[in-house]
Amino acid sequence: MLVRDLMVTEVVTLDASDTLDLADDIMRLGRIRHMPIVSDRKLVGILSQRDLFRAAISSVLQFRSSTEREWLAKVKIREVMTAAVFSVQPTAPLREAVEMMLNKKIGCVVVIAGDRIVGLLSEGDCLRYLARLLDVAETKAELPELESD
């Protein structure tokens, strides 16, 4: 199985010069946990929900919601994104991408073809696939054995 068989192709990106309030809105509304960040149409980083949580110091300072939004509106994505982005080709074996995520302890890899972002493969995508495999295995186990002559 290849990465392209499992990756999500509808990928939302933001520019590194955008602010965290915009990223927070998009990620909350779209239920997005990882977002590739671009600059001049090139991949320069990735923003995760964890990055947003770290930046939202409201949990420590007990900001009101409106004050937190004002704070996030002042912070550029480039200031909190993770610059070290791991990527794979869509034709890479799925096992390679999964092993990369496990070894690097990351939640996703960006799928790149040439210089374009064509997809995203996350641990959630892999777990959904595993659940389907487990369903198939359980169904197979319930089937009666066929006699062979």
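**Pockets of the predicted model**

**View 1. Lining of the second largest pocket.** Fourteen residues, given as 14 in the count, line the second largest pocket, and Arg31, Ile32, Arg33, Leu120 and Ser122 lie nearest its centre. A pocket is an open set of points on a 1 Å grid over the protein atoms alone, where a 1.4 Å probe fits, with protein on both sides within 12 Å along at least five of seven lines; lining residues have an atom within 4 Å of a point. Strand S6 (116-122) and helix H6 (123-142) are the elements that give two or more residues to this lining. H6 supplies the largest share, three residues. The model is predicted, and totals for linings use all residues, whereas local features need pLDDT of at least 70 and side-chain atom pairs pLDDT 80 or more. Residues are numbered from 1 along each chain, and side-chain values use heavy atoms, without hydrogens and water.

**View 2. Volume and residue classes of the second largest pocket.** This pocket has a volume of about 370 Å³, the volume being the space filled by probe spheres set on the points. Its lining has five nonpolar, four polar and five charged residues.

**View 3. The largest pocket.** The volume of the largest pocket is about 430 Å³. Its lining comprises 19 residues, of which His34, Ser48, Arg50, Ile106 and Gly107 are the closest to the centre. Two or more residues each come from strand S3 (42-48), helix H2 (49-55) and strand S5 (108-113).

**View 4. Helix H2 at the largest pocket.** H2 gives four residues, the largest share of the lining. By class, the lining of the largest pocket has eight nonpolar, five polar and six charged residues.

Terms used. Ala, Val, Leu, Ile, Met, Phe, Trp, Tyr, Cys and Pro count as nonpolar, Asp, Glu, Lys and Arg as charged, and the others, Gly among them, as polar.
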